[in-house]
Amino acid sequence: MTTEQLKEKFIEKYGPGEVNGYFSPGRVNLIGEHTDYNGGFVFPCALSFGIYCLVRKTARKTVRFASLNLPFEAEVKVTELNQRVGKEWVNYPIGVFAQFMKKGITFEEGADLLFWGDVPTGAGLSSSAAMEVVTGVMINDQYNIGVDKVEIALMGQKAEHEFALVNCGIMDQFVSANGKKDHAVFLNCDTLKYELVPVVLKGVKIVISNTNSPHKLDSGKYNERVAECKAAVAAIQPYKQIAALGELSWEEFLSVEDKIENETVRRRARHVVSEIKRTEDAVKELRANNLEKFGQLMNGSHDSLRDDYEVTGFELDTMVEEGRKIAGVIGTRMTGGGFGGCTVSLVRDEAVDTFVEQVGRNYEQKTGLKPVFYVAEIGDGGKKLF
Ligand code: GLA
């Protein structure tokens, strides 16, 4: 849908008058998975698709929420923008209003809001973070609040914790707020210092393959992994003073690994510490234009997520295995939280059609699910459109 069409939809719904529009992207993570809530590195990029939010301030003391993707609508008093509304999608934007209220901001004027997204939901491409960030960017601008993009990302993450009950890390909201066209964000999730690294892939495309097996981030498995990482830290603490796994180098981890008695917890920690190292190495390789090495690290990341972290599953593993059979695939791995969702692959230009056709056919044969493929375009972080 074009922005003109979106404006028309807004006017159809709420009547004529001035309208402003904002956009925040979904993301694909190139490498650095399940490292963010351990204070490690991640390396995601913002996508060209995401969530749009159209708005008009009103004299009414309520905020009206509507979406062009989902039928549920709500009207909430400006004094009650800190309360959950059942299990509905509106909790994502309301959760962000709530964070502003926590900062002592009172909303005197109401607003009419209309959301629309072209990022597939439940595919692990962070549609929820995009919705949180677009809401934050919109509120910040419309109500002249003056927080920065890092703060908006942190508020989005808090909204996710408190209103969607997922104890996520900062990666998704951070890249949705701070991403840049044709760049990946190399983020230290402990300090929130970041660098924008140009992604110049000569003759190579980033292909996203949606397994169409919905990722079940709120199923409790994600929070279980967060808890397992905390257990690993607790087991190491009597021997080495750390607050998070991200503080350990790979060599340090090897020297304390045997202190973690629980074998599952030990494997979880091994994934996290090795993935942080892979991410740092991958950024170096990309900067040096060594795409083959970058691809090998992506492959290593998937194998570690499959064997040690156990967040892949039949669909993601099948997609990756089929991808690896195609000549011209430089690297392929699951991306995002896991348990379904998408893979990300580096594919040589001349192999993209074969990839889509053969991986598509074989994946469907093995899983009974029809996949969807996108050639990713790296876009900008959250912004005002009009
Ligand atoms: C989800 C979370 C992120 C991150 C990834 C795994 O997308 O929202 O914070 O933990 O999973 O890397």
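**Group meeting: a walk through the model**

Let's start with Thr211, which is buried at a relative accessible area of 0%. Before I go on, keep in mind that this is a predicted model. So where does Thr211 sit? It's in the loop between β9, residues 204-210, and α6, residues 221-236. If you skip the neighbours within four places in sequence, Thr211 is in contact with Glu315, Leu316, Met319, Gly340, Gly341, Tyr363 and Leu369.

Stay in that loop for a moment, as Asn212 lies between β9 and α6 too. Is Asn212 buried or partly exposed? Its relative accessible area is 36%, so Asn212 is partly exposed, while Thr211 is buried at 0%. The backbone of Asn212 deserves a look as well: phi is positive, about 60 degrees, and this is not a glycine. As background, most residues other than glycine have a negative phi. Leu192 is another non-glycine with a positive phi, near 65 degrees. You'll find Leu192 in the loop between β7 (183-188) and β8 (194-198).

Okay, on to the ligand.

Tyr222 uses a polar side-chain atom, 2.6 Å from an oxygen atom of the ligand. For Gly169, a backbone N or O atom is 2.9 Å from a ligand oxygen. Gly337 also comes in through the backbone, with a polar atom 3.4 Å from an oxygen atom of the ligand. As for cover, the ligand has 300 Å² of accessible area on its own, and the protein covers 98% of that.

How many disulfides does the structure hold? The count is zero. Take Cys168: the closest cysteine sulfur is in Cys189, 11 Å away, so that pair is too far apart for a bond. Cys168 counts as buried, with 7% relative accessibility. Then there's Cys229, whose closest cysteine sulfur is again in Cys189, this time at 13 Å, and that's also too far for a bond. Cys229 is buried as well, at a relative accessible area of 2%.

Next stop, helix α3, residues 127-142, where we find Ile139. Ile139 has 0% relative accessibility, so this residue counts as buried. What does Ile139 touch, not counting residues up to four places away in sequence? The list is Val96, Phe97, Phe100, Phe107, Asn144 and Ile145.

Last one: Thr58, in strand β3, which runs over residues 44-58. At 13% relative accessibility, Thr58 counts as buried, because the cut-off is under 20%. The Thr58 side chain reaches the backbone nitrogen of Arg60 at 3.4 Å. Leaving out neighbours within four places in sequence, Thr58 is in contact with Glu109, Gly110, Ala111 and Asp112.

How values were computed:
Residues numbered from 1 in each chain as written. Predicted model: local features only at pLDDT ≥ 70, side-chain atom pairs only at ≥ 80, totals over all residues. Heavy atoms only, no water. Helix = DSSP H or I, 4+ residues; strand = E, 2+ residues; numbered from the N terminus. Buried < 20%, exposed > 50% of the residue type's maximum accessible area, 1.4 Å probe, protein only. Contact = heavy atoms within 4.5 Å. Polar contact = N/O pair within 3.5 Å; in protein donor to acceptor, adjacent residues only side chain to side chain. Areas by Shrake-Rupley, 256 points an atom, 1.4 Å probe, with all protein chains shown as cover. Disulfide = S-S within 2.5 Å.
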